[in-house]
Amino acid sequence: MWLGLVRAVCVAALVNVIKWVVDTLSKPPQKPVDLTESAKKLPGKSVEQLIADAKKKLGMDVSSHFNFAVVGQSGVGKSSLINGLRQLRDNVTGSAAVGEVETTKEIQKYPHPTYPHIVLWDVPGAGTLKHDESTYFVDNMLYAFDCILVLSSDRFLKVDFEIAKKAMEFKRQCAFVRTKADISVKAIAERTGKLMRDASKDLRLKVDSSFQQSLRDAGFAAQTFVPMFIVSAWALTRRHAYMLYNYETGMPDTTLDKMDEDHLLIFVTNSVLARIKQETALPP
């Protein structure tokens, strides 16, 4: 009896929390993103000028939108991740363009279909001929975004960590995202004959080890926490375990859990909630 009562109370509390989060995400921000630190880092620029510059150069509304920049080298899957976060398959109406070569020539915005004031921005690849990695952060006005997601489909490179350093310097939220996990897991399974669940564990160990070493090599202090998520854009779209194949039986292997897709969604949600919390602390 008591166990059932406790369970009912816990379920009711969880429902209330989910309802509060959904209601909160359904509302646009009430004040512009805080660009005070950005103005300090860019001599001769006031907060008002930075807001105007973002509107003029990018068409970005930093006052009534939550803006997320999705950045990284060409070909790492930025557009597919944006589609996954928006619950859209690639190549459907309204999805971000996807291709084997760099398809994002200019920065593009994609409002969330359910929460249109949450906008994901597909930013041209850093380190290409058209985008100098040394000025990439400022050229693309990444300081005006609420949060920056730095993507790689293999090892994170020097330019990726430089973007993260700049984000911290400008006090912008930032996370690394290792994409195309489903492809990597499948390759490990084919090469080793392991089940998908075991192959996914191998991938996590490899990626985590490489990422931590790269953080140290890039000069990040040992105590610095930088979130990193291993995801599949396809799994984000499907919102369930991968339906990949067990190469020993030829049957679908449904035992593989998603990797960090849900954690990434929580991170994005928390970034929005952090902005809302910050608004309540800002002077009127």
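This passage describes the overall make-up of a predicted model and then a few of its residues in their surroundings. Residues are numbered from 1 along each chain as its sequence is written, and side-chain values rest on heavy atoms, with hydrogens and water left out. As the model is predicted, local features need pLDDT of at least 70 and side-chain atom pairs count only at pLDDT 80 or more, while totals for chains, interfaces and linings use all residues.

The protein chain contains ten helices and eight strands, where helices (H or I, at least four residues) and strands (E, at least two) are DSSP runs numbered from the N terminus. Of its 284 residues, 45% count as buried; buried means under 20% relative accessible area, exposed over 50%, and partly exposed in between, with a 1.4 Å probe and protein chains only. The chain exposes about 15000 Å², of which carbon and sulfur atoms supply 57%, accessible areas being computed by the Shrake-Rupley method with a 1.4 Å probe and, for residues, with only the protein chains shown counting as cover. Among contacts (heavy atoms within 4.5 Å) between residues at least 6 apart in sequence, 69% join residues at least 24 apart.

Strand β4 (residues 147-152) and strand β5 run parallel and are joined by six bridges, two strands being paired if DSSP finds at least two bridges between them. Five of the six residues of β5 (residues 173-178) are buried, so this strand is largely enclosed by the rest of the structure. Within the pair, I148 stands opposite C174 in β5. C174 is buried at 11% relative accessibility, and C147 is buried at 0%.

A search of the whole structure finds zero disulfides, a disulfide being a pair of cysteine sulfur atoms within 2.5 Å. For C147, the nearest cysteine sulfur is that of C174, 6.9 Å away, and this separation is too far for a bond.

Helix α6 (residues 158-169) holds D160, which is buried yet has no salt bridge, the nearest side chain of opposite charge, K78, being 9.0 Å away. Here a salt bridge is a side-chain nitrogen of Lys or Arg within 4 Å of a carboxyl oxygen of Asp or Glu, and Lys and Arg count as positive and Asp and Glu as negative, with His and the chain ends not counted. Leaving aside neighbours within four places in sequence, D160 is in contact with G72, Q73, V150, L151, S152 and F176.

N140 lies in the loop between α5 (136-139) and β4. N140 is buried, with a relative accessible area of 10%, and touches L58, V123, P124 and F145, not counting residues up to four places away in sequence.
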